[in-house]
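I opened the file to look up strand pairing and core packing. My notes follow.

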Amino acid sequence: QVQLVESGGGSVQAGGSLRLACAASGDTVRLNCRGWFRRAPGKEREWLANMDTGRGTTAYASSVKGRFTLSQDNAKNTVYLQMNDLKPDDTAMYYCASGSRVRSGFCSPFEDDFTAWGQGTQVTVSS
């Protein structure tokens, strides 16, 4: 079983930055994919980014590409989401998820392909 804990959320003004962390514990050996999603009030959960923690490769949704960056600390089994130039539309609950590579050999952007989820951390961006 895998446990994920997010941290780093908070309130910032537009244009500001936050760094979210997703720390994993438990049986993470086969779960090479770490994804970030968010859910804004009244909206469906949205995929933001993936990291293949085994290969170090990343992928980003167009809505955050160029503003958000993933990194990892293997010693801490933690993936970070650096969020820059935040906008009020980025206000949401942010979730970390973990899963295995899908049949294509890559990490999926679809939430059904993730088997472990954190509890979420709130990000609020004011104008």
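I count a contact when heavy atoms lie within 4.5 Å. With that cut-off, I find that methionine 83 touches Gly16, Ser17, Leu18, Leu20, Arg67, Phe68, Tyr94 and Val123, leaving out residues up to four places away in sequence.

This is a predicted model, where local features need pLDDT of at least 70, side-chain atom pairs count only at pLDDT 80 or more, and totals for chains, interfaces and linings use all residues. Residues are numbered from 1 along each chain as its sequence is written, and side-chain values use heavy atoms, with hydrogens and water left out.

I then checked its partners, taking two strands as paired if DSSP finds at least two bridges between them. β4 (residues 33-39) runs antiparallel to β5, with six bridges, and arginine 34 stands opposite methionine 51. Six residues lie between these strands in the hairpin, where glycine 42 has a positive phi near 80 degrees. β5 also pairs with β6 (residues 57-60), antiparallel, over four bridges. Aspartate 52 has threonine 57 in β6 as its bridge partner.

Last, I listed the nonpolar cores, which are sets of buried Ala, Val, Leu, Ile, Met, Phe, Trp, Tyr and Cys residues joined through side-chain atoms within 4.5 Å. The largest has 26 residues, of which Trp36, Phe68, Met83 and Tyr94 touch the most other members. A second, separate core has seven residues, including Trp47 and Cys107.

Note on methods:
Helix = DSSP H or I, 4+ residues; strand = E, 2+ residues; numbered from the N terminus. Buried < 20%, exposed > 50% of the residue type's maximum accessible area, 1.4 Å probe, protein only.
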